[in-house]
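Dear colleague,

I am handing over the structure below, and after it I set out what was found. Please read the notes with the coordinates open beside them.

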Amino acid sequence: MALVDLPFREGYVSSIIYVSLYVSLIAVTLSTLFSVPVAIFLGFTDFPGKGLVKSVINTGMGFPSVVVGLIVLFAVSNQGPLGSLELIFTTEAMIMSQFVLATPPITAISLAAITGVDDDVRDAARVLGGTRLDAALVVLKEARYGIATAILAGFGRAISEVGSVLIVGGNITSADGISKTRTLTTAIQLEARKGQYETAMVLGAVLVALVLAVNAVVVRFGDQGVQR
């Protein structure tokens, strides 16, 4: 009976939450698996053009999301290189878009955390007979909070994204109102444009609660790491 008083149909919000978390978590997981090794490589290796690579990464943190959406849309369109995969207006295309957006902040913040570790930590690992891999693991342990912050920043950018996921996903729901590619952010934008401010506020509160919950989980794991 309580559902009758709510400003949306049954299953509408739960499907939107599912799509939002599914797309964002997969995109951030893939981005983390790519970004952290890149940050480790840049933090432990000197090579010509390293400064340029870091500049490109830092520039990517402010890259317009709408442009990213357009590039991904072209890539998955019939005229693009991935057109044969038929990914247009799918969650897979949304994951690709969010991956591109999440990678620069995760890489840049992880790199800052790694390079911020005192050189004495690396030297101590080597003096004790550790290999380069051992030294890298020690540095990663010291930089784990910075890396966790990087992942949270990437997740925050991914789940709060509107422009790119709207372009590549199409903000689609099925005939019964269940989300296909509609996320919390695109639903908020749609409901606000329709003048359904109550619904938009409810969805906004859900979005904030999700971000706070993920943040709390990461902080809790970090505290457990310190206790151990």
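A residue is called buried when its relative accessible area is under 20% and exposed when it is over 50%, with partly exposed in between. Please keep in mind throughout that this is a predicted model.

Two backbone positions deserve a look. Glu86, which sits in the loop between helix 3 (65-76) and helix 4 (91-115), has a positive phi of about 55° although it is not a glycine. Because its relative accessibility is 66%, Glu86 counts as exposed. Asn171, in the loop between helix 8 (163-169) and helix 9 (184-193), likewise is a residue other than glycine with a positive phi, near 55°. Asn171, however, has a relative accessibility of 11% and therefore counts as buried.

On the surface, a nonpolar patch is formed by Phe63, Val67 and Ile71, which together have about 240 Å² of accessible area; of these residues, Ile71 is found in helix 3.

As for annotation, an unreviewed UniProt entry lists residues 16-44, 56-76, 96-117 and 200-222 under "transmembrane region", and such annotations may be inferred rather than shown by experiment. In the model, the chain over residues 16-44 is 100% helix and 0% strand, with its end C-alpha atoms 41 Å apart. Over residues 56-76, the chain is 81% helix and 0% strand, and here the end C-alpha atoms are 24 Å apart.

Key
Residues numbered from 1 in each chain as written. Predicted model: local features only at pLDDT ≥ 70, side-chain atom pairs only at ≥ 80, totals over all residues. Heavy atoms only, no water. Helix = DSSP H or I, 4+ residues; strand = E, 2+ residues; numbered from the N terminus. Buried < 20%, exposed > 50% of the residue type's maximum accessible area, 1.4 Å probe, protein only. Patch = residues over 30% accessible without salt bridge, like charges linked within 9 Å, V, L, I, M, F, W, Y side chains within 5 Å. Areas by Shrake-Rupley, 256 points an atom, 1.4 Å probe, with all protein chains shown as cover. Salt bridge = Lys/Arg side-chain N within 4 Å of Asp/Glu carboxyl O.
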